[in-house]
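Visitor: Can you walk me through this one? Keep it short, please.
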Amino acid sequence: MGRRVVVPLLRRVLRRAVLLFTAVSCVYFLAAATLHPRENFEAQRPPPPPAAVDAALDAANLNDRTPLFQRYAVWISGIAVGDFGRTWDGASVNEELSRRIGVSVRLLAAGAVLGCIGGVALGTWTGSRVRGSADRAVTALSLLVISVPVVVLAVALQHVGVWANQVAGMDLVRVTGEATPGFSGGVGEQALDRLRHLVLPTLAVALPQIALYSRYQRSLIADQVGAEYLRTARAKGMTRSQAVVRHALRVTLIPAAAYFSYSLAVLLTSTVFTEQVFGWHGVGEYLFEAVGQGDVNAVAAVCCFGAVCVTAAGVVSDLVRAVVDPRSQAG
Amino acid sequence: MLTLTAALAGCQAEVDHRQAAPEPATAAINAVDRALVADGGTLTWGINEFPTQWNPHHQAGNLAAVHTVLEALLPIPFRVDERGEAHPNPDYVIDVSVTTEPEQVVTLTLNPEAAWSTGDPITWRDYAAMAEALSGSNPEYQALGTVGYDRIAEVRKGKNKYQVVIVFEQPFSEYPALFSPLLPEEYTADPESFNTGYLEQIPVTAGPFDVAELDLVAQTITLERNADWWGDPARLEAIIFRTLAPDALDAAFLDGSIDLYALSLDSGSYERIRSAPGTEIRAALGADYRHITLNGQTPILKDVDVRHAIFLGINREVLATAALGTLGWEPRVLNNRFLMPEQPGYADNSGEWGKYDPDRAAQLLEEAGWTAAQPGEVRTRDGKPLTLRFIVPQGYAPAWEEAELVQSMLAEIGVDIKITSVPGNQLFSKYVQPGNYDLVAFVNSGRGFPVFDSLHQWLDAVDDADGKPQWRTNVGRIGSPEVDQALYGALEALDRGTAIEQLNKADRLLWELGHTLPLYQRPQIYAVRDTLANVGAPGLGTLDYADIGYVVQE
């Protein structure tokens with residue numbers, strides 16, 4: 001990569017940074033203007049003395065009687081040094097958020113990988129035999145999975161898990177949590193315990209992704225199937241499958257990678273239902289609970305994290321294109 | 001609807017013997033003598049929130065989960081039995097004496113064996129520091145409330161460090177509600193330690209259990225039997241509290257991952273759980289009750305006759321049935337704001353205002369000048385319609401349904417109810433507390449110490465510096481000097497009989513003032529493994545965590 005690649009790339013990174021700053025500022029104003037942390041105190045019967053409530057809200061920069069811009073100034077100067085402040089009940093947002101990012105990553109990693117690979121594989125397969133009976137069956141099934149809300153899918157999987165355990169008379173899978181609390185055993189047993197906890201949520205994450213990605217990948221492949229270069233490849237004696245996998249798949253991976261990186265970035269902060277149903281205390285649940293408690297700093301922090309993820313996804317997909325796609329070097 | 005449920009229950013009787021929940025009891029904990037409880041075992045207890053602040057006397061620490069966990073860990077000087085009577089807890093307090101002349105003095109003789117997990121003994125100094133912290137004299141302490149503590153003149157050492165002498169400036173009959181639970185001096189002596197010492201940790205304990213682990217990632221709290229415990233040792237080896245969302249609690253229970261959790265009546269959980277094998281539903285009535293509060297300062301509701309008409313126009317049995325019908329219980333309305341039917345001294349003080357009587361209600365409205373051309377039409381006075389705003393929190397379907405029932409009942413007497421749904425996180429701060437509503441329903445929760453729990457909800461307004469009345473936490477904005485006098489009388493009467501008399505007097509006066517219509521007690525409902533003993537729905541009482549365990553199998 002020469003200057004001609006690096007300079008525009010840097011320019012785009014800078015542009016994204018400005019966008020990011022604008023986005024997080026908007027998020028803070030929105031959260032601070034619409035959420036009501038005071039309710040946590042006022043809803044107690046009897047509520048604590050008003051002066052004490054103000055003091056507690058002031059301590060966390062959450063007091064709605066402080067001008068919004070003043071609160072924003074305090075908040076943004078904290079962000080500048082990487083401090084997201086405190087929750088209404090006094091916990092460090094940074095620490096809680098990093099714990100929860102860990103949980104979300106552990107929850108989503110396997111499902112996301114499975115979703116990407118499965119989606120591409122399924123979409124490539126159906127895309128090369130459009131309107132065949134296999135394609136119709138897969139289409140119907142994926143539309144079904146896409147149209148079922150994630151929470152319903154998760155609860156259904158959980159029911160299946162409970163039922164399977166009952167039928168088997170043993171704990172094949174565990175339906176809640178990341179690991180059995182207080183579990184003692186060797187490394188192998190611990191790993192198995194975690195695996196049994198991971199099966200159902202991984203399916204709940206992967207199935208909708210497979211369904212969605214496969215639709216996207218199917219149409220990308222279908223566009224290529226009639227292309228000149230594929231006919232040439234087949235004329236040289238390749239089977240249809242060989243030609244699709246060796247040639248068409250490569251071409252389609254560029255737009256697919258961009259699409260995947262954005263949707264994975266969104267996934268990190270949006271799996272509240274999967275997290276709640278399976279009892280994993282991740283980022284999505286954090287946002288959900290924080291909104292419920294009017295916890296402005298926590299909401300803003302999660303949204304910032306989401307914005308950073310999306311920005312990073314953009315940078316990654318730029319990078320991928322710069323490296324893989326020869327055309328981008330010409331522009 | 002009820003008949004249908006009963007008929008269905010009848011059909012399935014052969015399949016399942018536990019179709020209807022047991023009738024309300026004072027406590028449903030499967031009380032078993034501890035000799036018959038197995039030594040050992042782990043109880044996994046599902047909770048639905050993971051507290052940040054573990055200091056229960058801090059503003060942010062007043063959560064059900066905090067109390068559930070801490071009752072296994074911190075000293076409770078007085079236990080409450082299922083009839084709401086307080087008794088000294090011999091693990092911490094071996095003798096109590098009260099003198100009243102010239103002022104009220106409560107002397108606690110502490111169990112000298114009792115010690116904190118740091119090894120330090122529990123002494124008068126712990127009580128003295130906590131009384132000072134919660135007295136309200138230093139606003140740096142982010143304390144939840146000061147009721148009772150603000151009446152203490154001093155706490156001093158008795159004949160030795162194991163005797164606490166509590167001198168009250170003004171008498172306080174509900175002194176057993178104080179110091180529950182007790183915190184070590186180290187964490188009450190200065191505001192910083194008080195505010196942050198129990199933040200995301202439980203550093204010092206003194207109970208039958210110890211904290212083994214507080215896992216902030218998995219949101220679990222693991223307690224293990226305290227080897228240094230001086231009382232009867234805990235039967236269980238460990239208790240693990242797991243935090244899960246309501247739906248996940250159901251699944252975890254069915255999966256065998258948790259053994260006990262509080263069920264919500266409002267969801268489908270009860271139906272889903274109750275027929276699971278090896279499951280027992282334990283339900284009891286405690287001090288929590290639901291009520292409808294009227295705002296006595298709005299132009300229409302300022303008139304006591306209109307408030308009474310509303311009281312008479314609401315059929316509370318229908319509301320109780322709608323809320324508790326799932327359990328198959330006979331609806332029972334509550335006619336007292338302070339004492340529960342399980343408690344000695346409970347009396348129905350409703351007089352003429354507790355019955356459902358739409359005719360009388362209509363007549364009252366008529367006499368107050370609210371008239372309608374046709375029965376059933378919205379009444380008007382001076383051209384203004386009799387329209388009232390019932391506010392309900394968004395996203396809580398039972399509250400909406402309840403408001404709709406009230407709406408249709410009051411429509412019959414010509415009162416137009418406009419149901420307004422407001423964001424749940426603004427209900428109190430933007431609507432109830434500032435008096436921006438006509439009707440609202442919510443739950444009063446308590447521990448069976450009626451004055452300690454709710455005093456400020458009933459006290460008359462106090463004029464501020466500009467002579468404007470301040471209602472503080474009396475959100476009904478109705479009061480009278482007589483009510484205040486009766487409540488303070490109850491607060492000061494050390495003789496239980498006099499206190500009950502004063503409470504009933506205050507309650508009767510509140511009925512006459514049309515202040516807040518009590519509806520029904522909210523049941524405590526727990527799904528429990530049927531082999532578990534001494535745990536479940538404690539009603540008004542306190543659980544003894546040392547006795548919880550699995551029944552010895554024959």
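Guide: We'll take a helix pair, then the cavities. This is a predicted model, where local features need pLDDT of at least 70, side-chain atom pairs count only at pLDDT 80 or more, and totals for chains, interfaces and linings use all residues. Residues are numbered from 1 along each chain as its sequence is written, chains are lettered from A in the order in which they are written, and side-chain values use heavy atoms, without hydrogens or water.

Visitor: At what angle do α13 and α14 of chain B pack?
Guide: About 160 degrees, with the axes 8 Å apart. Helix α13 covers residues 481–492 and α14 covers 496–513. Helices here are DSSP runs (H or I, at least four residues). Axes are lines fitted to C-alpha atoms over the stretch in contact, and angles run from 0 to 180 degrees between N-to-C directions.

Visitor: So parallel or antiparallel?
Guide: α13(B) and α14(B) are roughly antiparallel, a label for angles over 145 degrees.

Visitor: Which residues touch?
Guide: Among them are B:Leu487 and B:Ala490 of α13(B), and B:Leu503 and B:Leu510 of α14(B). Contact means heavy atoms within 4.5 Å.

Visitor: New topic. How many cavities are there?
Guide: The search finds 5 of 30 Å³ or more. A cavity is a set of points on a 1 Å grid over the protein atoms alone, where a 1.4 Å probe fits but cannot get out.

Visitor: How much space is in the largest cavity?
Guide: About 160 Å³. Its lining has 16 residues, and those closest to its centre include B:Tyr289 and B:Asp453. Lining residues have an atom within 4 Å of a point.

Visitor: Which element gives the largest share of that lining?
Guide: α12(B), with 3 residues.

Technical notes
Helices (H or I, at least four residues) and strands (E, at least two) are DSSP runs, numbered from the N terminus. Angles under 35 degrees count as roughly parallel, over 145 as roughly antiparallel, 65 to 115 as roughly perpendicular and the rest as oblique. On a 1 Å grid over the protein atoms alone, a cavity is a set of points where a 1.4 Å probe fits but cannot get out, and a pocket is an open set with protein on both sides within 12 Å along at least five of seven lines; lining residues have an atom within 4 Å of a point. Grid points are joined across faces, edges and corners, and a volume is the space filled by probe spheres set on the points.
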